[in-house]
Each structure stands twice: as structure tokens, then as C-alpha cells.
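Here's a quick briefing on one helix and a handful of charged pairs. Have a look at the model first, then work through the notes below.

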Amino acid sequence: MSLENEKRYLLLLSSYQLSKNNPAPTKAQVLDNIEDNGWIILTEIDKQKKQNRNELVWRNDLAFVRKHLAQNGWYNTSENNNWGITIEGKKYLNELHKIISLDLSDLNKVSLNAVNYAKSVLPNIQNMEASNSSQNYFEYENFQNIDGKDRYALIKARVNQGAIRKNTLKKYDTQCALCKLRFEPSLVASHIKEWAASDSTEKGDLDNILLLCPNHDALFDKHYISFDNEGKIMISSKLNNNDRVLLNIHNDMKIDMNDKMKKYMEWHRKKYLQ
Ligand SMILES: [Zn+2]
């Protein structure tokens with residue numbers, strides 16, 4: 001994650017925490033809160049005083065980033081020194097958190113304290129998102145109270161009702177992208193970049209979805225097969241020849257790929273089980 005995004009994350013998270021008691025915290029409150037919670041990793045340079053200013057370097061840096069947040073509508077701009085987070089800001093914080101969660105080893109400024117706090121309040125942010133979202137074309141469910149496999153099954157079921165399924169069937173002419181099976185009730189809309197990691201646009205993006213039969217969906221979903229940039233199938237060595245025959249996969253299978261799908265597939269390949 002970029003340094004700029006890490007700083008955005010810290011600011012939004014701090015304002016979010018303070019917003020429970022104070023919808024319009026000041027700059028000093030937001031920055032003090034970040035420091036008091038141990039959310040920011042400070043270097044020696046960060047702790048020096050900014051030249052020509054009576055302020056530490058890191059505080060000056062974050063104040064600069066706050067301007068970008070305000071320009072994008074993620075921070076209130078109604079009054080000077082109002083560092084309050086907006087509804088859009090909360091949604092954006094939620095997206096940033098998903099990205100951060102993908103690779104915690106990649107962080108420079110954000111401490112694990114901050115990530116853990118965000119994780120604990122994320123359900124509230126997502127519920128808020130559900131009630132305010134203008135994009136209810138796919139429905140957020142209150143999945144947060146449900147764990148593991150059950151939660152995943154619910155998500156999968158939800159995707160396979162409604163608009164996403166309808167559009168996917170149409171795009172793929174109601175056949176499995178791999179084996180061309182045409183039995184509609186068995187076909188599954190399968191996300192390339194997994195649902196939990198996709199942002200709200202990616203979740204509804206048809207280029208992020210394959211239509212697959214149950215066997216091929218299961219293999220793709222569990223990363224035993226993936227596809228290279230030309231759409232050629234990659235098959236895990238964990239599958240022996242007999243299984244391959246029974247599951248109807250072979251090395252010369254191919255799917256059609258466009259540039260947007262390639263981007264999502266790159267993500268899928270990272271989890272592919274050689
Ligand atoms: Zn198939």
C-alpha cells in the first residue's frame with residue numbers, strides 16, 4: 001500500500017473512532033488520538049520539528065494528506081478545523097482496510113494496533129454501508145455475525161440470486177466457460193478476485209466473474225485451477241490424472257480473456273496452488 005494511502009487510513013480511522021462522541025473533532029484531537037493509540041510508526045525524522053513551523057514533521061505530513069481527503073469528500077469541509085469523517089469517508093476507510101488486510105508485511109506507517117482496531121469496528125462500518133449505499137444492485141447482507149464456511153456459502157448463494165447471476169448467464173450464453181455445460185440450474189457465478197477482497201465496484205463487475213459448472217467452480221474457487229494471461233488453463237499438480245479425467249479438465253482448455261479479466265486473474269493466480 002502506498003504511503004499516502006497509509007496516512008489516509010490513519011486519519012480516517014482516528015476520525016471514525018472519535019466520531020462516536022464527537023462528529024467534528026479538531027486537528028489536534030485527531031492527531032493526538034493517532035499517537036496516543038500507538039497507531040503510527042514514527043521515524044526519527046518524523047519526530048523532528050518541521051523547518052519554519054512550530055510542528056513535528058509527521059503531524060505536518062498528515063495535515064497535508066487531510067487536504068486530499070477533504071477534496072474527495074471523505075472529510076467534512078463545512079468549517080475550518082473540522083476533521084470529521086463523512087459517510088463516503090467511512091466507505092473509503094472500509095475499502096482501504098480490505099487492501100491493507102491483504103498484506104500486513106507491506107506496512108510502513110500503520111501499526112498492527114491500528115489494523116486490529118479497524119478489524120474490530122469494521123462490521124459497524126459495513127452495516128452503515130449497507131443502509132446508506134446507493135449501489136444496492138447487489139445486496140450486502142449482515143454476514144459479519146457469521147463465520148468461516150457458512151459465511152462464505154451465504155455470500156455465494158447471494159451472488160447467485162438476482163442481478164449478478166442474470167447478467168453472468170447472459171454474458172456467457174448460459175454455458176460453463178470451460179466445458180460448455182448448458183444445464184442452467186447447475187451453473188454458478190464465480191468471482192475471480194474473491195468477494196471479500198473485492199471493493200463494491202469489483203463485486204458487481206462482470207469482468208470479475210466466470211460462469212462455471214459445479215466441478216469447475218469448486219476447482220477454481222479453491223485455486224486448484226487458474227488461467228494465464230492468454231486464458232490457458234493452469235492445473236495444480238495436486239490433481240492426479242484420474243481426477244483430471246473425472247473432473248473433466250485437461251491441459252488444452254482455454255477461456256476468453258480481456259484486459260480487465262487479466263487484472264483480476266493476476267490476483268487469483270497469487271493464490272493458485274501449484
Ligand atoms: Zn464446466
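Asp207 counts as buried, at 14% relative accessibility (buried is under 20% relative accessible area, exposed over 50%, partly exposed in between, using a 1.4 Å probe and protein chains only). Its salt-bridge partner is Lys260, at 3.8 Å from N to O (a salt bridge needs a side-chain nitrogen of Lys or Arg within 4 Å of a carboxyl oxygen of Asp or Glu). This is a predicted model, where local features need pLDDT of at least 70 and side-chain atom pairs count only at pLDDT 80 or more, while totals for chains, interfaces and linings use all residues. Residues are numbered from 1 along each chain as its sequence is written, and side-chain values use heavy atoms, with hydrogens and water left out.

- Lys260 sits in helix H11 and Asp207 in the loop between H8 and S2, so the pair links distant parts of the chain, 53 residues apart (helices are DSSP runs of H or I with at least four residues, strands are E runs of at least two, and both are numbered from the N terminus).

**Helix H11**
- H11 covers residues 259–270, and its 12 residues reach 17 Å from first C-alpha to last, close to the expected 16 Å (that is 1.5 Å times one less than the number of residues).
- Its buried residues are Met261, Tyr264, Met265, Trp267 and His268.
- They lie on the same side of H11 because they cover an arc of only 150° around the axis (taken from the directions from the helix axis to the C-beta atoms).
- Exposed Asp259 and Lys270 are on the face turned away from that buried side.
- Helices H4, H7, H8 and H9 and strands S2 and S3 are among what covers the buried residues.
- At the start of H11, a side-chain oxygen of Asn258 comes within 3.1 Å of the backbone nitrogen of Lys260.

**Other salt bridges**
- The structure has 16 salt bridges.
- One of them pairs Lys27 with Glu55 at 2.7 Å, N to O.
- Lys27 is in helix H2 and Glu55 in the loop between H2 and H3, 28 residues apart.
- Lys27 is partly exposed at 24%, whereas Glu55 is buried at 14%.
- Glu88 and Lys91 also meet in a salt bridge, at 3.3 Å.
- Those two are about one helical turn apart because they are three residues apart in helix H4.

Conventions: Contact means heavy atoms within 4.5 Å. A polar contact is a pair of N or O atoms within 3.5 Å; within protein, one must be able to donate a hydrogen and the other to accept it, and residues adjacent in sequence count only if both atoms are side-chain atoms.
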